[in-house]
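Thanks for coming. Please have a look at the structure on the screen, and I will then go through a few parts of it.

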Amino acid sequence: MALTFYNTLTRQKEVFQPLDAAHVRFYVCGSTVYDLPHVGNARPVVVFDVLYRLLRRLYPRVTYVRNVTDIDDKINARAKENGESIRDLTERTLLAYQADMAALGALTPTVEPRATEHVAEMIAMTLTLIAKGHAYLADGHVLFSVPSMPDYGALSGRNRDEMIAGARVDVAPYKRDPADFVLWKPSGADIPGWESPWGRGRPGWHIECSAMAEKHLGHPFDLHGGGLDLIFPHHENEIAQSVCAHQAPFVGLWLHNGMVEMNDEKMSKSLGNVLTVREMLGEAPGETIRLTLLTAHYRQPLNFTRDSLSQSKQVLDRFYRALRPHRALVVPDDLPLPAGVLAALEDDLNTPQALAELHALATDLNKAASEGAKVEAKAALLGGGSLLGLLAADPEAWLRGGATTSGLADGEIQALIDARIEARGARDFQEADRIRDRLRRQGIEIEDGPKGTQWRRVG
RNA sequence: GGCCCGGUGGCAGAGUGGUCAUGCAGGGGCCUGCAAAGCCCUGUACGUCGGUUCGAUUCCGGCCCGGGCCUCCA
């Protein structure tokens with residue numbers, strides 16, 4: 001099956017045709033580093049991590065760029081509020097972000113460019129836009145002239161008049177057109193600023209992505225991703241800048257993930273209904289959070305609840321239970337790509353379908369009779385899992401390290417199990433059941449099998 | 001107000017013009033000393049009203065409901 005994606009630009013599914021089949025290049029909007037990332041911030045990271053894993057298996061070389069926004073007025077405000085330097089705030093937050101995303105099983109992108117390290121490129125692009133008549137200087141600001149670009153609005157599917165009609169914000173008096181947006185703005189002495197041809201100032205929000213994408217991926221490149229809420233104005237403006245600076249098409253394929261919701265409402269800091277990834281990592285393994293983010297198709301809204309988290313934990317338990325008895329079976333390092341999982345992901349990253357395939361593979365493994373069938377089934381399950389960034393943990397460790405902290409240490413558990421085995425050997429089932437009940441009350445479930453008694457923590 | 005998206009069985013959540021999602025929960029069986037796990041079987045689901053069709057949950061239109069964007073936002 002051909003790799004297919006729903007393109008926001010055309011609002012239909014299209015077969016993916018890389019500009020260079022030897023080297024696929026894509027860009028995803030990352031995070032503004034002023035606060036701990038919440039679960040909503042994590043969704044694009046996990047979703048596009050699956051995309052990255054898929055592309056790496058399909059193409060010889062993939063460059064994945066995810067930016068770090070460390071110039072932003074919210075950062076300035078937060079640093080002032082905290083009484084710490086901007087550098088300290090962004091450094092600390094970036095480290096937390098990277099740690100949290102790694103805990104969710106996200107691979108490190110090829111490049112994580114920072115805005116502060118690309119101001120020169122942004123100034124250069126701004127100069128180009130002025131030279132080409134797409135930007136102008138007004139009241140110390142450099143503004144992009146939206147009317148200078150006839151195609152403006154193609155991504156969000158709105159025309160300029162509609163935008164102006166629906167505008168809910170006062171238009172800055174220095175704008176020639178209400179839709180114009182800032183490329184560069186002046187900085188007062190108490191705000192970070194960089195020297196520029198227009199005096200000391202700082203870049204507008206959108207220009208960083210245009211400049212960093214160009215630097216690390218060239219122009220044009222294959223695919224651009226981000227949250228649905230970035231379509232307008234961020235991505236629209238990014239397109240305008242890049243297209244006008246180059247007088248050439250920018251990106252043909254745009255992917256946008258749906259929002260994470262709580263109580264059917266978008267999770268966002270401004271609404272105050274956020275759960276941070278860090279908070280959730282205290283309640284559930286990162287892999288459980290990751291799976292939860294993959295249970296719905298990436299373009300659908302995802303209602304995030306503790307209940308959905310425990311559902312995901314149950315699913316992972318099922319997979320790891322299937323794998324547990326086969327620890328000794330050696331599978332190839334180069335895991336196979338199960339056809340069903342691959343086909344599901346090639347169809348616009350249909351992760352729910354891919355998970356259904358994983359369930360079928362787990363059933364296959366549970367039913368496998370011969371040694372050869374077991375090896376094959378185990379490799380398939382792990383291979384499918386790796387494409388989704390799942391099932392890399394040691395099954396025994398996963399099952400014994402459940403969500404709740406039992407009062408019993410592993411040694412104590414084993415001692416009780418040994419005692420129970422002895423009782424069973426003596427056919428003292430009353431004693432054996434008493435021990436089992438005691439373990440169960442401590443959150444330990446035991447299973448008697450042909451290879452002896454195994455246990456796991458439930459919760 | 002403008003632009004966009006969605007409403008699937010108890011829950012989560014894919015998908016399809018006419019036999020199946022999948023998982024959890026529920027019911028029955030096999031296995032087990034009993035369990036647990038596993039395996040097998042098990043569900044009159046597709047917001048509503050019309051239209052197209054031999055046939056619609058799936059296509060089209062109206063309506064109702066929910067969400068997103070239009071301002072920072074993943």
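Predicted model: local features only at pLDDT ≥ 70, side-chain atom pairs only at ≥ 80, totals over all residues.

Met125, Thr128 and Leu129 in α4 meet residues of α7, namely Gln241, Ser242, Cys244, Ala245 and His246; contact here means heavy atoms within 4.5 Å. Helices are DSSP runs of H or I with at least four residues, strands are runs of E with at least two, and both are numbered from the N terminus. The axes of α4 and α7 (residues 231–246) lie 9 Å apart, and the packing angle is about 65°. That makes α4 roughly perpendicular to α7, the class for angles of 65 to 115 degrees. Axes are lines fitted to C-alpha atoms, for helices over the stretch in contact, with angles running from 0 to 180 degrees between N-to-C directions.

Residues are numbered from 1 along each chain as its sequence is written, chains are lettered from A and ligands numbered from 1 in written order, and side-chain values use heavy atoms, without hydrogens and water.

On confidence: pLDDT, the predictor's confidence in each residue from 0 to 100, averages 94 for chain A, and 97% of the residues score at least 70. For the complex, the predictor gives an ipTM of 0.95 and a pTM of 0.96.

Next, helix α9. How many of the residues of helix α9 are buried? Nine of the nine, residues 286–294, so the helix is largely enclosed by the rest of the structure. Buried means under 20% relative accessible area, exposed means over 50%, and partly exposed is in between, with a 1.4 Å probe and protein chains only. Arg290 is one of the buried residues of α9, and Arg290 is also in contact with Gly105.

Gly105 sits in the loop between α3 (86–103) and α4 (119–131). Gly105 is partly exposed, at a relative accessible area of 25%. Beyond its neighbours within four places in sequence, its contacts include Asp49 and Arg53. Val46 is 59 residues away along the chain from Gly105, yet their C-alpha atoms are separated by 7.8 Å.

Last, Arg202 in strand β8 (residues 201–203). Arg202 is buried, with a relative accessible area of 8%. Its side chain makes a polar contact of 2.9 Å with that of Asp73 and another of 3.2 Å with that of Ser187. A polar contact is a pair of N or O atoms within 3.5 Å; within protein, one must be able to donate a hydrogen and the other to accept it, and residues adjacent in sequence count only if both atoms are side-chain atoms.

Methods
Parallel < 35°, antiparallel > 145°, perpendicular 65-115°, else oblique.
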